[in-house]
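These are my notebook entries on a structure that I looked up. I record below what I checked in turn.

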Amino acid sequence: MKAVILASEEDAHPGPLTLNRPRSLVPLFDRPALEHLLRQLRRLGITQALILLRRMARPVMDRFGDGSGLGMALAYGPAGPRCAAGQVRDWAGGGDEDILVVRGDGLFGLDLSAVVGFHKTSRSAATLALSTCPPPSGWIAAATGEDGRVTGFPRRPARGHGAVGACILTPHALALAPEAPGPDLLRDLLPFLLERGEPLYGFPAEGRWHSLDCGADLLSASADALAGRTALEPPAPRVAPGVWSASPIPPGTAVVPPVYIGPEVSIGPGALLGPNLCLGRGSRVGRRALVQNSILLGARAGDRATLYGAVLCPGARAGADSVLNDGVILGEGAAVGRGGVLMEGVRLWPGIRTSPGVRLTCSPMPPSSSISV
């Protein structure tokens, strides 16, 4: 089996979290979102993948190269508004292997192992991995009968309809796809196959998917992964129930699981960490700081800082005695001055710094240079 990863980000709306990187490179547990997916594919025995990119393609290609670092062979292609099936046929070379098509512009936490097993016995032209969560933007939903056979693709999903997070196409199904223009491998091809009377089956996939458009998405993804609700696992030793740490935890540190602590993390005396906390590589937490329900991606929380529900991008800093409330995002290199307070939902774009003691109830406008990307 080979894989095609759709990472076009057609509906992307860059914010502080994704201004300088595509969603597929947003890190969680010190690995880009796309790397989590590639490692899952590798565990399924898939060693060849075509990654279709549009926005900020070069950083993705530079990060993963030919895939040899992951034991895979990766190829890349442009993703236009519609993904022509002929593009995939050309890459697949007309072989007899099935093609797994999967969304790769977010954090893919669906477990595909059972879906692959079902496909091998279903005699289906295409097998759909169905998520019980509401369909995210750009996804389609499928209605199925009691035997799992797909009966339709409703435009207005109702209770009981599954979001199509991935599908496995047989060579026969791919060969039936019309030539250009299109069709889109998921939104157009699957209804086309159904109209032709081809057998399509859906299978429920455990786990969840997150779009990573904003800090709330990343926080939800982290909480789900730490709670075991997705196919992701923190890549660090488990040092206690619900605590994964690749760095020493100083004596006297209060840790409330679940918590992930990456490599080269520094924690000051008297800090209170967790629950639902992810400290990425190189992060710093000061003395008696309180950091809960937050994510630090190589960022710093100063002495006695209080963070609850905040996301700090690489190089960001919350000054001593500062308070960052739920939904706060600090872009790369952004800083909150000593004693500063950011109320719920405030976002600081990359490079913005606040003066000591400033209290913000709304987000400052980004500098013009920040929004020209």
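**Cysteines**

I began with Cys-313, which counts as buried because its relative accessibility is 0%; buried means under 20% relative accessible area, exposed over 50% and partly exposed in between, with a 1.4 Å probe and protein chains only. The model is predicted, so I note that local features need pLDDT of at least 70, that side-chain atom pairs count only at pLDDT 80 or more, and that totals for chains, interfaces and linings use all residues. Residues are numbered from 1 along each chain as its sequence is written, and side-chain values use heavy atoms, with hydrogens and water left out.

I then looked for disulfides (pairs of cysteine sulfur atoms within 2.5 Å) and found zero in the structure. For Cys-278, which is in no disulfide, the nearest cysteine sulfur is that of Cys-313, 12 Å away. Cys-313 is in no disulfide either, and the nearest cysteine sulfur to it, that of Cys-214, is 12 Å away. Cys-278 also counts as buried, at 0% relative accessibility.

**Open sheet**

I traced an open sheet of five strands, paired in parallel in the order β18-β21-β24-β27-β30. β18 (266-267) and β30 (335-336) stand at its edges with a single partner strand each, so one side of each has no neighbour in the sheet. Strands (E, at least two residues) are DSSP runs numbered from the N terminus, and two of them pair if DSSP finds at least two bridges between them. β27 (residues 317-318) pairs with β30 over two bridges, and Arg-317 stands opposite Ala-335 in β30.

Notes. Helices (H or I, at least four residues) and strands (E, at least two) are DSSP runs, numbered from the N terminus.
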